Amino acid sequence: MSLNKRSIAFTSVISYTLATYVLVAPAFTVNQFTLPQWLSFLIVSIPFGGRVIGSLLYQRLVSIFGSRLTYLISIIALGLFSLGSSINVLGLLIPLRLLVGIAFGIATSLAVEQAMRSGNKIIIALTMSGWAFGWIMGAFSYLTLQNWSLIAISGIITIPFSLLYKGLLNFKVEEDKFSLPSVSSILIFFFSFEPAFALQLAPSIVEDEGGISWLILGYIVSIPMYILMPTISRFLGETRTAIIYTSVSAISGVLFFITSLPYILVIFTAFGLGMNAIAPRLASVYGATARSIGIALNTAALGGVVVPVVASLNIKIIASLFTAISMVILLVMAVRKRNAIYVEVS
């Protein structure tokens, strides 16, 4: 990998990782809010709604400021909004968490577009693995700091990383070149991200059983799964690989939500997140471009609000059904386009 591609990979992964950390950290402290369960999960998941706004603002910002300054703005904003949300006042916490989601949508749209522009499948997979890295950071901060306010304050770690802006691709587009993704590409991200949405419920399920370490292990194992999925498909074929990943994700997800056994969580996390490696390329087959893929990704993230809040009403039944149905639909969509999924991005 050339020096330029290493720089692209590093800044893309860092951007996605830091944004994810600030976004998901509350999932580990949801039981500390002393609120009705649905409201606690709303605090955790409300940034997923902000992601849509952020991805739409991203195209506007990049047309005005260019990619490097847009990165600088979004990464600094993430740190400041995280710091502000350390004030545990419900009237402030929800709007601040929404702003975190907006900054996340901007930062990750930039990271994914840069990765897609690189034309390198490993960089794309590594960028998407930033979601796993961010969760691992969140888990370790919870084990170290324990308290939501302290974890929120730790989000200012994003600000020093804003200095990496010079390592980004420097691109800028004309203001009138606004691009929207197809509905099908949004659905690809929605169904492939469903395990990630459902995993917001996991910390509260396994916390009392000391299962946070199992969750960390699952995210660690998922990182090579992101990278290995395209390679595995070359040996087994796209259809067989898709069948294996979706089947294992569906079965392990249902078993985890029914039994709450933390070691099953490792399997569900690894395979459920591993599928995200092909989501950008599959979405591009269904009509998303490098410019619009951030909107597709972050619009699909509205499921991150709906899935945990609705599933928290009856985790065993609703979360299990969400997971199983999503995996079946994703498999059907992947198989329909199996001949184009792994075509080299040029």
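## Basis

Local features of this predicted model need pLDDT of at least 70, side-chain atom pairs count only at pLDDT 80 or more, and totals for chains, interfaces and linings use all residues. Residues are numbered from 1 along each chain as its sequence is written, and side-chain values use heavy atoms, with hydrogens and water left out.

## Overall build

The protein has 17 helices and 0 strands. Helices (H or I, at least four residues) and strands (E, at least two) are DSSP runs, numbered from the N terminus. The C-alpha trace spans about 50 × 45 × 35 Å along its principal axes. For 346 residues, a compact globule would have a radius of gyration near 20 Å; the protein has 18 Å, which agrees. That radius is taken over C-alpha atoms, and the globule rule is 2.2 Å times the number of residues to the power 0.38.

Of the 346 residues, 58% are buried. Buried means under 20% relative accessible area, exposed over 50%, and partly exposed in between (1.4 Å probe, protein chains only). The accessible surface comes to about 13000 Å². Carbon and sulfur atoms hold 70% of that surface. Areas come from the Shrake-Rupley method with a 1.4 Å probe; for residues, only the protein chains shown count as cover. Among contacts (heavy atoms within 4.5 Å) with a separation of 6 or more, 88% join residues 24 or more positions apart.

## Aromatic pairs

The structure holds 14 aromatic pairs. Rings of Phe, Tyr and Trp (its six-membered ring) pair if their centres lie within 6.5 Å; planes under 30 degrees apart count as stacked, over 60 as edge-to-face and the rest as tilted. The Phe-48 and Trp-131 rings have centres 6.1 Å apart and planes at 65°, so this pair is edge-to-face. Phe-48 sits in helix α2 (residues 37–65) and Trp-131 in helix α6 (residues 130–145). The two are 83 residues apart, so the pair links distant parts of the chain.

Trp-131 also pairs edge-to-face with Phe-104, at 6.4 Å centre to centre and 90° between the planes. Phe-104 belongs to helix α4 (residues 90–118), 27 residues from Trp-131. Phe-104 is buried at 0% relative accessible area. Trp-131 is buried at 4%, and Phe-48 is buried too. Ring pairs build a cluster whose members include Tyr-16, Phe-48, Phe-104, Trp-131, Trp-135, Phe-197 and Tyr-219.

An α-helix has 3.6 residues a turn, so residues three or four places apart point the same way. Glu-113 is buried at 1% relative accessibility. Arg-117 is partly exposed at 41%.

## Covered helices

Helix α15 (residues 293–300) has 7 of its 8 residues buried, so it is largely enclosed by the rest of the structure. Its buried residues include Ile-293, Ile-295, Leu-297 and Asn-298. Helix α5 (residues 121–128) is mostly covered, with 6 of 8 residues buried.

## Surface patch

Trp-214, Leu-217, Val-221, Leu-261 and Tyr-263 form a nonpolar surface patch with about 410 Å² of accessible area together. Patches are made of residues with over 30% relative accessible area and no salt bridge; like charges are joined within 9 Å, nonpolar side chains (Val, Leu, Ile, Met, Phe, Trp, Tyr) within 5 Å. Helix α11 (residues 212–236) gives the largest share, 3 residues. Trp-214 is found in α11 and is partly exposed at 34%.

## Positive phi

Gln-146 is not a glycine, yet has a positive phi of about 70°. It lies in the loop between α6 and α7 (148–153) and is partly exposed at 39%. Ser-260, also not a glycine, has a positive phi of about 65°. Ser-260 lies in the loop between α12 (238–259) and α13 (262–274). Ser-260 is buried, at 18%.

Key:
Salt bridge = Lys/Arg side-chain N within 4 Å of Asp/Glu carboxyl O.
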